[in-house]
Amino acid sequence: MMEPLISIQFVGNKSSYQAGELLECDYQIDAIDREELQAIEASVLWYTEGKGDEDMAVHYFERRVPADAEEEDLRRLRRLRTALPNSPRSYTGMILNIRWCVRVRVFLPRGRHAHLERPFQLGTPVGARLPPPVPPPAWLPASHQVRT
Amino acid sequence: MARRFRPWQKKRGDRRTGSHLLGSVGEAFFFAALFVTGAVSLAQVILARVLQSQTGPVPSGWALWLVLLVLVSLIVIGAGGVIYAALHVGASAERRAALARKATDLQLLQPASPSSKDFPTVPRDTNLTNSPGITLAYRLPIARSPALELLGVALFGLLWNGVVCALAVVALNAHLAGQPDWSLTALLLVFSLVGMAAIGYFFRLLMVATGIGPTSVEISDHPLYPGGQYKVFLTQSGRLAMRSLELWLACDEEATYRQGTDMRNETRRVFLERIFQQTDFEIGPGRPFEHLCELEFPRGAMHSFQSGHNTVAWKLIVRGEAARWPPYERTFPVIVYPDPPTWTSA
C-alpha cells in the first residue's frame with residue numbers, strides 16, 4: 001500500500017523566525033483517496049535531541065476529521081498560522097539540542113499513520129560553542145572541561 | 001517479514017522501535033490479565049468466606065486482610081492500566097502533548113505566574129529574588145546547602161560503620177572460637193576502608209563548613225539577559241589566609257536518561273568565564289573580604305532551559321583556596337532569559 005504524499009511549505013520559504021513572529025505554512029496531502037484519510041493533525045512543536053531522554057512540547061495543535069473539512073476532503077491545501085513563543089530558542093549544544101518543527105501526521109485505516117516534519121529555527125542561532133575567555137582551570141573535572 | 005515480526009525491539013526512554021499500536025495492545029492485555037486475576041481471586045475468597053467452604057483453607061484475621069489488600073491492589077492497578085492504555089491507543093505524541101499543555105495552562109490560571117506562561121521552559125526566578133541584598137538588589141541563594149551534604153554523609157557513615165561493627169563482631173567471634181572465616185575477614189577489611197573514607201570525608205566537609213566562613217553573592221538585577229551588564233558583590237567571611245579567591249560564570253548542560261532500569265545523569269560544562277580573581281590575602285574575624293565587580297553577560301548565549309530530562313543551567317561559582325584548608329567551591333544559580341527585543345506576552 002502506498003504511503004500518502006505529505007507536503008509542508010513555509011510561506012515565503014522562510015526557515016528562521018524570531019520569537020513572537022507569525023509562522024505561516026501550507027500543508028497538503030496527495031497520492032491517497034479522500035476516503036482513506038481518517039484524520040489529520042498539524043502541530044508546531046519543539047523537541048530535544050542528545051544524551052538525555054527526549055522531551056517534547058506542542059506549541060500549536062489542530063486535529064481535523066473529514067467532517068471538519070470542505071466536502072469532507074482533508075487532502076486540500078490548508079494554511080496554519082501561529083505566533084511563536086518567546087522560548088525555548090533553537091539550540092545546538094554538546095549533549096543537548098533543541099529543535100523546532102512543523103509536523104503533519106495523517107491517520108489511515110487499520111491504525112496506520114504517516115507523518116512529515118519541516119524544521120525551522122526559532123531565534124538567532126544559539127550554540128554552546130562560545131569560546132572560553134580563559135584557559136579552563138586545572139581544578140575543573142575532565143567531564144566539565146569546556147570544549148571548543 | 002523480518003520487519004513485521006521483529007522478536008526484539010530497542011527501547012530508550014520513551015522511544016522505541018516497533019509498532020506503538022501493538023505495544024499499547026500488549027500493555028492493555030497485561031493490565032487486563034492483572035484485573036481479571038484480582039477480580040476472580042477476590043470473588044473466590046469472598047465466596048469461600050461467605051459459604052464457609054470446606055474445599056480448602058480460608059484465610060482469616062490479618063492474613064485475610066493481607067490477601068484482600070493484594071487482590072484489591074491487583075484490581076485497581078489492572079483497571080487503571082487498561083484505562084490508561086485505552087486512552088493512549090491511537091493518540092499521537094503531539095495530541096497527548098497538546099492535552100498535557102492544556103492541563104498545564106489551566107493550572108497556571110490560578111496562581112499568577114507570567115514568567116511560566118510567557119517564557120515556557122525558562123525556570124522561574126522567584127526563589128532567587130526573594131532575598132534582598134545589603135549592597136545590591138538581590139542576595140543569591142547557594143545551590144546546595146553544606147548542612148544537607150553533611151547530614152547525608154553522616155547518615156551514610158553511621159549506617160555503613162554500623163554494618164561494619166556488626167560484621168566485625170561476627171568475624172571476631174569466629175576467630176575466638178577457632179573457626180576463622182577468612183572470606184568474611186577479607187570483606188570486613190574492604191568495608192572498613194570504605195567506612196574510614198566516609199568518616200574522613202565527613203570531617204573534611206565539617207572543616208570546610210565550620211572553618212571557612214559563609215560566602216555571599218549579591219547581584220544588581222535578576223533575571224539576567226544576554227548582553228546585559230550587572231554588578232556582583234562578593235563577600236567571604238572567616239579567619240583565613242587565602243591563596244586565591246575566584247568568581248566564575250559557568251553554564252552546564254544536564255541530561256537525564258534511562259539506561260536499562262537505571263536513571264543516569266550527565267553534565268557537560270559548555271561555558272566558563274572568570275569574572276574575578278585575587279590571590280594571597282588575609283581575611284580577619286569581623287573583617288570579611290568584600291569585592292564589587294562587573295559582569296558582562298555574553299551576547300548570543302542560550303537562555304536557561306528546563307524540561308523533563310534536559311537542562312541548561314547558568315551559575316556563578318566561587319572557588320577558594322586557603323592555607324591549611326582543602327579547596328572549596330560554592331555555587332549560586334542564576335536564571336537567564338532570552339534576548340529581549342522581540343518578546344511577546346502570552
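In this predicted model, strand 3 (residues 22-30) of chain A pairs with strand 6 of chain A in the antiparallel sense. Six bridges join the two strands. Strands of a sheet pair through backbone hydrogen bonds, either parallel or antiparallel.

The pair belongs to an open sheet of three strands in chain A, with the order 1-3-6 and antiparallel pairing. Strand 1 (5-10) and strand 6 (78-83) of chain A stand at the edges. Each has a single partner strand, so one side of each is left without a neighbour in the sheet. On average, neighbouring strands of this sheet are turned by 25° against each other, direction ignored.

Nonpolar residues form cores. The largest nonpolar core holds 57 residues. Those that touch the most other members are Ile40(A), Val106(A), Val217(B), Leu316(B), Val334(B) and Val336(B). Strand 8 (residues 96-107) of chain A gives the most to this core, with seven residues. Leu316(B) touches Leu140(B), Val217(B), Val232(B), Leu247(B), Leu249(B), Phe332(B) and Val334(B), when residues up to four places away in sequence are not counted. Another core, of seven residues, lies apart from the largest one. Its members include Val208(B), Leu240(B), Phe289(B) and Ala322(B). In soluble globular proteins, nonpolar side chains tend to be buried together.

Chain B also has a pair of packed helices, helix 5 (residues 146-176) and helix 6 (residues 182-211). Their axes lie 9 Å apart, at an angle of about 155°. Angles over 145 degrees count as roughly antiparallel, and helix 5 and helix 6 of chain B are therefore roughly antiparallel to each other. Helix 5 of chain B passes helix 6 of chain B in a left-handed crossing.

How values were computed: Residues numbered from 1 in each chain as written. Chains lettered and ligands numbered in written order. Predicted model: local features only at pLDDT ≥ 70, side-chain atom pairs only at ≥ 80, totals over all residues. Pairing = 2+ DSSP bridges. Helix = DSSP H or I, 4+ residues; strand = E, 2+ residues; numbered from the N terminus. Axes fitted to C-alpha atoms, helices over the stretch in contact; angles between N-to-C directions. Core = buried A, V, L, I, M, F, W, Y, C linked by C-beta atoms within 7 Å. Buried ≥ 20, exposed ≤ 12 C-beta atoms within 10 Å, placed from the backbone. Contact = placed C-beta atoms within 7 Å. Parallel < 35°, antiparallel > 145°, perpendicular 65-115°, else oblique. Left-handed = near helix turned anticlockwise from the far one by under 90°.
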